[in-house]
Amino acid sequence: MKEVEVADLFVETLRSLGVDYLFINPGTDTLPIQEAISKLRANGVEEPRVILCPHEGVAVSMAEGYAMVKGRPQLVLVHVDVGTLNAGSALHNVLRDRIPLVLCAGVTPSILEGRVRGSREIHVHWMQDVPDQSLILRDYVKWFYLVRNAEHLLYALARAFQVASSVPEGPSYLMLPREVLMERRERGEIPSPSRYPPPSPPQGDLRALKEAAGAILEAMEPVIITSYLGRRGSSMSPLVELSELLSIPVLEPKRCRANFPTTHSNYQGRRIGEFVEGADLILLVDVDVPWLPKRGGNPLGAEPREDARIIHIDIDPLKERIPLWGFRVDIPIIADAGIALSKLMAILKESPSINSMREMISNRAAELREKHELWRKRLAEEAKMRRNIKPIEPQWLFHILNKIKEEDTVIIDDSVSNSGILQDYLYTTRPETFYGLNGSNMGWGLPAALGASLALQDKPLIAITGDGSFIFSNPVAGLWVARSYRIPLTLIVLNNRGYAAVKQALLSSYPEGWSKATGRFIGVDFEVPPSYKAIAEACGCKGYSVEEPENLEEILKEAYSRGKVEPVLVEVELKSI
Ligand SMILES: Cc1ncc(C[n+]2csc(CCOP(=O)(O)OP(=O)(O)O)c2C)c(N)n1
Ligand SMILES: [Mg+2]
């Protein structure tokens, strides 16, 4: 039988694992895989496609962006300990956003003598020898494994994909020693990944759902709070049905997905405090932080009633990866929330008590409509009041952007301190048209949007990022990828000359502090910001800059239309922090 290199078997397996793209940043340990792909290409096989990412953070966030749209894990391949360290903070988002992803890193050769193929040969092979490479990111992966021999490499690979794809999804980490990849062996049977599928997600325990239905029917003032239900597009419609059946307001403390049509009269935005405090029943659906401690005028601050019953339907109700969670729940239900909501609906619809509730339900509907319309009217007025204000105000920006974007335009939200306003103004009506960062690692927007755009193919995409987050994202690496691989997108950089989020937090923690009294805030502003437009142009992308509120619409329109076919950056000058 013909001998092959183990790396050949590795790359041949990737296709069957659903890998369309390999996001790579190479080193001496990844050479066998690069060589194997070259061999594949020579044989006319063009998949998986390879994207060279000149920074590992870009590779991880691109793979995240792709998987969040497609639902399938992709492969990121990086260089030993150093590549893993660079990948690290982007991996925080993958874990927090519950996105399936497989990260592979090489391992420096452990065989010192040169007799074995792949063994140590250059200076860095000693420098990159660390006691336990997995320690770098153990807290950020669901599963990790050091491949010790060729025999089990493919089983480990299949398992890495299986674990990453099982709910709650997340990253797997596989460490690949070079000697193993370069080993020659007879082409044995490649284990079929179809024999290692992820288990189907839990559907919701019927007894618990019946109990939940009973509690919902008894409630006079129920509310629904969600954040990432829309991770499966089909979940939006059961939520609409449930909200309509009983006229229950739907709130989003942090929109991470398109969960509910935001133009629906039951939709009440982020006004958590206003709705939660009177509620006697709170239905939490796929949400990590439903409200915040009450403080100042924050609309997310709330103290639920002591006697409020709380139901929680979530793919991850335990939040095991958040050591201290603390929200009390009476009826926790682990389930794919879309499926569980459909089952809940079936139970509710059969209930005889619904008929006697008709009047109350229609009164609630009318009340919610009025609240929704008043709120929308107020938002529109607030935007219009700012139409001539320079520097441009975010309300005006997002009001205009909302007019320009189409119903199926995909929004990637990395707008940090402006994310609440963005959420208020940008209508999200269709499933799978909104992706917001749930994690907290800055630098996500550009690379995540690039990955999403690859997955979306011809669908238009607008990404909005803070200037700080943009700089964190390794913009030269990201924009180089955008240009080199001709990935279309419209990226809006919110230039407020610094870290508004940190400044706001400082003020809120030290309302009477030195920073406030002296007006000198340390470590938050970019006094002399770079030209973001010039950075785009230096990378071969089209760049725009807008300062005048009256030019905003025209420039955004032009940028958006170009951004459908090429990478475009628009820098919008907002008020300095
Ligand atoms: C990697 C990383 N470093 C630091 C922080 C802390 N941090 C949170 S928000 C923020 C500022 C982000 O600035 P920008 O993107 O300009 O958004 P703005 O606050 O101005 O809206 C920082 C530094 C973080 N979340 N992630
Ligand atoms: Mg900023």
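Predicted model: local features only at pLDDT ≥ 70, side-chain atom pairs only at ≥ 80, totals over all residues.

**A loop residue, and what lies elsewhere**

Guide: Glu432 sits in the loop between α15 (419–425) and β15 (434–436). Residues are numbered from 1 along each chain as its sequence is written, and chains are lettered from A and ligands numbered from 1 in the order in which they are written.

Glu432 is not a glycine, yet its phi is positive, about 60°. Is Glu432 buried or exposed? Glu432 counts as buried because 21 other C-beta atoms lie within 10 Å. The cut-offs are these: 20 or more other C-beta atoms within 10 Å of a residue's own make it buried, 12 or fewer make it exposed, and anything in between is partly exposed, with C-beta atoms placed from the backbone.

Val80 also has a positive phi, about 25°, without being a glycine. Val80 belongs to helix α4. Val80 is buried too, because it has 26 C-beta neighbours inside 10 Å.

Two prolines come next. The peptide bond from Glu47 to Pro48 is cis, with omega near -10°, and Pro48 is found in the loop between α2 (31–42) and β3 (49–52). Val167 and Pro168 are also joined by a cis peptide bond, with omega about -15°; Pro168 is in the loop between α6 (150–165) and β7 (171–177).

Now the wider setting. The protein is assigned domain 1 (3–195), domain 2 (206–369) and domain 3 (386–573), with bounds that come from an automatic or database domain assignment. Between the C-alpha centres of domain 1 and domain 3 there are 32 Å. Their contact takes 22 residues from domain 1 and 22 residues from domain 3, where contact means that the C-beta atoms of two residues, placed from the backbone, lie within 7 Å. On the side of domain 1 that touches domain 3, the elements giving two or more residues are α3 (56–70) and α4 (80–96). Of these, α3 gives the most, with 11 residues.

Technical notes: Helix = DSSP H or I, 4+ residues; strand = E, 2+ residues; numbered from the N terminus.
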